[in-house]
There are 2 protein chains.
Amino acid sequence: MLIVQKFGGSSVANAERIFNVAQRIAETYKEGNDVVVVLSAQGDTTDDLITKAKEISKKPSKREMDMLLSTGEQQSVALMAMALAELGYPATSLNAYQVGMMTTSTYMNARLKKIKPDRIRRELDRKNIVLVTGFQGMNRFDDITTLGRGGSDTTAVAIAAALHADKCEIYTDVDGVYTADPRVVKDAKKIEEITYDEMLELASLGAKVLHNRSVELAKKYNVELVVRSSLTRAEGTVVKEVCKMERMLISGVAGDDEIARVSLIGIEDTPGKAFDIFTTLAKKNINVDIILQSIGRDGTKDISFTVADTALTDVKEIVATHMDRWGLKDVDYNENLAKVSVVGAGMVANAGVASKMFEAMYDTNINIHMISTSEIKISILIDKKDMHKAMNAIHDAFQLVD
Amino acid sequence: MLIVQKFGGSSVANAERIFNVAQRIAETYKEGNDVVVVLSAQGDTTDDLITKAKEISKKPSKREMDMLLSTGEQQSVALMAMALAELGYPATSLNAYQVGMMTTSTYMNARLKKIKPDRIRRELDRKNIVLVTGFQGMNRFDDITTLGRGGSDTTAVAIAAALHADKCEIYTDVDGVYTADPRVVKDAKKIEEITYDEMLELASLGAKVLHNRSVELAKKYNVELVVRSSLTRAEGTVVKEVCKMERMLISGVAGDDEIARVSLIGIEDTPGKAFDIFTTLAKKNINVDIILQSIGRDGTKDISFTVADTALTDVKEIVATHMDRWGLKDVDYNENLAKVSVVGAGMVANAGVASKMFEAMYDTNINIHMISTSEIKISILIDKKDMHKAMNAIHDAFQLVD
């Protein structure tokens, strides 16, 4: 098999951990597999480099930031190659130039475009373990770029796609994707298999295990992803296109209490108002999540939407500026809410999911402020203080425990 | 003018020093020059990276060492580009891939082969200050190499040669090349101009300002070198092919007390013996400096040579192993010697230099153990304790002070 593995920065933070990971890699290699490993920068290296840059300039050039930050991963792959050699395994480190990791030109937030897998293939043919710098690429000007958040996961999936790898293992500090956050729901259980779409919904709902970009890429190229722990030998969670038939209706429950609701009240009920409002917000890079519009009444309507609570200051400023143009009577902000969602590919064929969820809320006396549904997800907005209670109630109601 | 400048690691060790150097670079740029700057890794960065590698492996792969160490210079050029931008000057950093710095394949000690100056030219055409990583290159396998000792100086000279730069300024912590080490000879005076050949002799004699590799390369491509201080505005020393006519007979006096003399006694006087001995030493990477062979007597001869004192342990081992094959009667080691040399291109046309030097030794009652001469250099071996006295006496005798 050809296996791509990705280890994050904390897994390679010092010599001891590097050797732990090297052992892990060696085990896969010894089983007769071809192994490509993507690494992040060691522990605090990236933060240290950012500090250095900030000492020079409050707003350093993004191009130069990428030139600077990309050195972190290069150090990781070189050190890992040394560790593998020390254990007696042949290994070669490669950087973005060497694997032809072509990206768009946007520094600090580039998108992958193409990989020239020739060099990696050549090294694999020589029975070398190949160590590739995560998070970075090069643009058409031959300049170094970095991929932004979740970059190394994305690198791993892209390499797996380019090489048609049998699987792409993302090693992390948890041993898989859970039916709910185990710190909130005691009975939460590791999910054996989950579809890309479900994983995308869960990731955006705050499961925080895999970055959406890497899941999207895996879905696009049908790369089998495995999320597993670098600390234990547990099997982990497999993310793929189609899962077993006898799966549960619901894959998981997620909660997010870092949100705020904005209600624009008494908007003149004429065409183009909503368009104007959300275009303005998008232009200011405000990510809007749930949107709800009331039925018009007295020639006016109300529009409510949720945003990340960190964006609220910006939203308040934008609303204040456009209050008159949008013809608002009033505006209301609520930061005491949380969003709880259930996700499951089985949901689309089963009408009872929503009612079961609402019943669980009714039984535990939790008031629902807003509801939003998609084909594989139902989200509700409730009081922040009720979030943990709601997650447990829903988890019980759908019997997510065997 | 097109000017290449090189700054060492201590000049860019922290944010404050980076800004000092940035000011310096900006001054040259403001005068209307095209400026290419070669930088070393910051202060202790290289040593810190070596420590990290040694924690992983006592004898790390050289290829991976180069992958690791080359990140240091990349950080320096990125940070300097940020500092120049902060001061309001356009700057771009480039690494070995981007400037096509082709080298031989020998990791950790590669030789430069070729530079593709297109990218640097393009950046200069855009009126950018170009910052290039010193010390590193890439081999024909697309792998990163480093150039070994004096690497960044060599990078600077090579770029100056490839771009036909008007001069190559090497910034260091002294303000030029002196007629003798100012710490030893109080009257030592900065040399205004010196030829490549003289500089080569002085460098190998321990002047420690410029590395021989960079001087050799400068000579080969006729690159005008300037050695000057990064701390003062003093003019520095110009190194070039032909110097002014009215120069002094002698350029400088150098002393080296980190040497040892090896005397092989009673070697059978048959052809091929010396060849055998020095081939064996060369194969073991022992650099032999002065060689002196006595006139044969009783069918045997003596051969004495000097080596760096750090090589003595190895030499003793080699001699012990080959004692019988070489047919040695005895061997003698002397670590209490020093080498003092005078260098000057004017010497070749003047027979009186040697006798003046010997006279100075006689006057100060210093015993000469060995003598070696070249066209532009005379070296003598004396007792280590006499070295400083000898340097001062010679400096006086040749009136190296105005």
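**Exercise 1. Strands S11 and S12 of chain A**

Task: Find how many bridges join strand S11 to strand S12 in chain A, and state whether they run parallel or antiparallel.

Solution. 
- Step 1. Note that the model is predicted.
- Step 2. Locate the strands: S11 of chain A covers residues 225–229, and S12 of chain A covers residues 237–240.
- Step 3. Count the links. Three bridges join S11 to S12 in chain A.
- Step 4. Read the direction. The two strands run antiparallel.
- Step 5. Check one pair. A:Val227 has A:Thr237 as its bridge partner in S12(A).

**Exercise 2. The sheet in chain A**

Task: Give the strand order of the open sheet of eight strands in chain A, and name its edge strands.

Solution. 
- Step 1. Recall that strands of a sheet pair through backbone hydrogen bonds, either parallel or antiparallel.
- Step 2. Walk across the sheet. The order in chain A is S3-S6-S2-S1-S9-S11-S12-S10, and the pairing is mixed.
- Step 3. Go to the edges. Strand S3 (91–94) and strand S10 (193–195) of chain A each pair on one side only.
- Step 4. Helix H1 (residues 15–30) of chain A lies across S1, S2, S6, S9 and S11 of chain A. Helix H1 of chain A runs at about 170 degrees to S1(A).

**Exercise 3. A hairpin in chain B**

Task: Say how many residues lie between S19(B) and S20(B) in their hairpin.

Solution. 
- Step 1. Find the strands: S19 of chain B spans residues 368–373, and S20 of chain B spans residues 377–383.
- Step 2. Check the pairing. Five bridges link S19 and S20 of chain B in the antiparallel sense. B:Thr373 stands opposite B:Ile378.
- Step 3. Look between the strands. The hairpin of S19(B) and S20(B) has three residues there.

**Exercise 4. Where the chains meet**

Task: Describe the contact of chain B with chain A by residues, area and salt bridges.

Solution. 
- Step 1. Count residues. Chain B gives 40 residues and chain A gives 40 residues.
- Step 2. Take the area. The two chains bury about 3200 Å² between them, 58% of it on carbon and sulfur atoms.
- Step 3. Find the main contributors. B:Ile56, B:Met67 and B:Met82 supply 22% of the area that chain B buries against chain A, more than any other three residues.
- Step 4. Count charged links. Two salt bridges connect chain B and chain A. One of them joins the side chains of B:Arg119 and A:Asp143 at 2.8 Å, N to O.
- Step 5. Name the elements. Helices H1, H2 and H3 and strand S3 of chain B each supply at least two residues of the side that touches chain A. H3(B) gives the largest share, 16 residues.
- Step 6. Sort by class. This side of chain B has 21 nonpolar, ten polar and nine charged residues.

Notes
Residues numbered from 1 in each chain as written. Chains lettered and ligands numbered in written order. Predicted model: local features only at pLDDT ≥ 70, side-chain atom pairs only at ≥ 80, totals over all residues. Heavy atoms only, no water. Contact = heavy atoms within 4.5 Å. Buried area = accessible area lost by both parts, 1.4 Å probe. Salt bridge = Lys/Arg side-chain N within 4 Å of Asp/Glu carboxyl O. Helix = DSSP H or I, 4+ residues; strand = E, 2+ residues; numbered from the N terminus. Nonpolar A, V, L, I, M, F, W, Y, C, P; charged D, E, K, R; others polar. Pairing = 2+ DSSP bridges. Axes fitted to C-alpha atoms, helices over the stretch in contact; angles between N-to-C directions.
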